[in-house]
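Hi,

Here is the structure I promised to pass on. Have a look at it first, and then read my notes below.

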Amino acid sequence: MHKAIENKGRGTKVVDDIFHSDATPTLIGQNRTYHRSISLNVKQHLNNKRRCMAMLLFEYLTGQKIPIIYTFPNAAYKITTDAHQTFDLFAQLHKPRDKLIAVTKALTTVFDSCSIDNLSTFLLRILQEQSNTMSEFTAYECDFGTIDKNDTYAKLLDKIRGCYDQCPCCLRPCDFDHTTRPGSKPGSEDICFPPFYSIVDLCLCCMTAHALRAMNGYKFEETKEASLFMCERIPDDQLLIVGSIRKKWSQFKLDHSDWLFESLLNDEELTKLRGKFLRIWGVIGDALCETYDMKINASIEYFDEEIKDINVDSISFACDHFTEFGVAFDKVAECIARSKKDDSKYAIIFMTDGLGSNPDNELNTLNGSHGSLIKKFWTLSLGQKSVTVLEQINAKMNGTYFDVDDSSLLVEAYAEIARTL
């Protein structure tokens with residue numbers, strides 16, 4: 001538009017020349033209204049013509065037809081035919097974009113109160129302002145790294161990738177969310193524990209429990225069997241061989257003082273989680289034993305064998321002081337699945353002297369798969385035990401419960417079982 005009008009003469013004179021005072025009638029609604037110019041002085045006419053120029057520009061920038069008549073309360077003005085043809089042709093050849101139309105409509109109140117004395121200069125200033133704005137925008141560093149003053153991007157990456165440090169014993173990765181503590185970064189020695197925790201000089205931990213240390217190749221020295229301890233349950237006085245050095249577990253923890261080895265879970269939560277790790281071990285244990293030259297834990301399955309024919313002294317167990325009821329019932333389900341026939345019936349004796357969590361999921365699986373084959377179920381509890389859990393197990397299996405205070409009474413319990421078979 002600037003190029004179209006810059007040769008039309010002196011800018012201020014153009015506005016005065018293309019708008020003429022007019023007294024012809026214009027149609028408003030159904031009424032014919034005459035706009036008769038009241039006696040105005042030159043300055044007043046010139047101010048109105050400047051307003052006419054602003055109105056013309058607004059109509060063009062909002063995609064409207066270029067008006068011929070421009071009305072005011074005290075006068076009306078008509079654009080010359082030549083000027084109208086020039087602006088109208090320009091409007092047809094250079095239609096404003098939708099975005100420009102929307103922006104201009106948002107500035108309606110501005111156009112309602114502004115006047116344009118020199119259209120050429122007005123448009124030139126707009127072009128110059130566009131150039132200045134683009135230069136400022138180009139010089140402005142608007143990349144994410146510059147505007148991200150709080151390291152949001154880095155924190156999100158850390159949150160997604162997690163901490164890259166692994167427990168030096170079981171190799172489970174640190175699962176603490178370092179992004180929740182200002183200044184704490186994965187693998188750093190910054191303070192990162194939740195406010196409720198008293199040990200604030202550590203920063204690495206497995207908040208959802210450590211893994212079985214056999215995952216990192218730990219085995220018992222004499223038997224070479226894989227150790228299924230979790231770091232939280234290792235006694236402080238237990239000896240470990242690290243490389244060529246023999247040290248107590250308490251010393252191992254001091255050597256890795258940036259790690260928390262104590263459990264943040266209660267005993268029941270930890271026991272359930274260990275049961276899940278044992279199931280994983282059941283899948284990958286053979287491969288890990290081969291990799292780390294470990295022996296798989298002793299077999300505890302015998303089929304169609306009488307007790308007197310089994311050398312129980314040859315069964316070597318890597319005792320880690322845990323009782324996992326769920327693992328035992330999983331094994332029962334496996335045994336039934338491998339041995340059942342069309343006419344098979346099963347009697348199960350569940351005997352324990354330990355404490356464990358309720359294996360509700362495993363019992364549901366056992367009953368769902370083989371419940372119709374299980375005709376008898378007995379629970380024998382010895383010594384220290386979780387009576388409530390054992391009673392819950394027995395009730396779910398619709399069994400008979402024996403509370404045996406002393407192992408010498410087992411003969412009587414088994415005799416009673418034999419009489420009911």
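Helix 12 passes helix 13 in a left-handed crossing. Keep in mind that this is a predicted model. The two stretches to look for are residues 325–339 for helix 12 and residues 360–370 for helix 13; their axes come within 9 Å and cross at roughly 15°. Because of that angle, helix 12 counts as roughly parallel to helix 13.

Which residues make the contact? On the helix 12 side they are Gly326, Phe329, Asp330, Val332, Ala333, Ile336 and Ala337, and helix 13 brings in Glu362, Leu363, Leu366 and His370. Sorted by class, this contact of helix 12 with helix 13 has seven nonpolar residues, along with two polar and two charged ones.

Three strands make up an open sheet, in the order 10-11-12, with parallel pairing. Strand 10 (346–352) and strand 12 (400–404) are the edge strands; each has a single partner strand, so one side of each is left without a neighbour in the sheet. On average, neighbouring strands here are turned by 15° against each other, direction ignored.

As a landmark, find Phe350: its bridge partner in strand 11 is Thr379. In general, the strands of a sheet pair through backbone hydrogen bonds, either parallel or antiparallel.

Helix 14 (residues 387–396) lies across strand 10, strand 11 and strand 12, and runs at about 170° to strand 11.

Last, two spots in the backbone.

- Leu171 has a phi near 70°. You'll find Leu171 in the loop between helix 9 (152–161) and strand 6 (204–205).
- Ala209 has a phi of about 90°. Ala209 sits in the loop between strand 6 and strand 7 (239–242).

Are these two buried or exposed? Leu171 has a relative accessible area of 31%, so it is partly exposed. Ala209 is buried, because its relative accessible area is 1%, and the cut-off for buried is under 20%.

Happy browsing, and write back with any questions.

Cheers

Conventions:
Residues are numbered from 1 along each chain as its sequence is written. This is a predicted model: local features need pLDDT of at least 70, side-chain atom pairs count only at pLDDT 80 or more; totals for chains, interfaces and linings use all residues. Side-chain values use heavy atoms; hydrogens and water are left out. Axes are lines fitted to C-alpha atoms, for helices over the stretch in contact, and angles run from 0 to 180 degrees between N-to-C directions. Helices (H or I, at least four residues) and strands (E, at least two) are DSSP runs, numbered from the N terminus. Angles under 35 degrees count as roughly parallel, over 145 as roughly antiparallel, 65 to 115 as roughly perpendicular and the rest as oblique. A crossing is left-handed if the near helix is turned anticlockwise from the far one by less than a right angle, and right-handed if clockwise. Contact means heavy atoms within 4.5 Å. Ala, Val, Leu, Ile, Met, Phe, Trp, Tyr, Cys and Pro count as nonpolar, Asp, Glu, Lys and Arg as charged, and the others, Gly among them, as polar. Two strands pair if DSSP finds at least two bridges between them. Buried means under 20% relative accessible area, exposed over 50%, partly exposed in between (1.4 Å probe, protein chains only).
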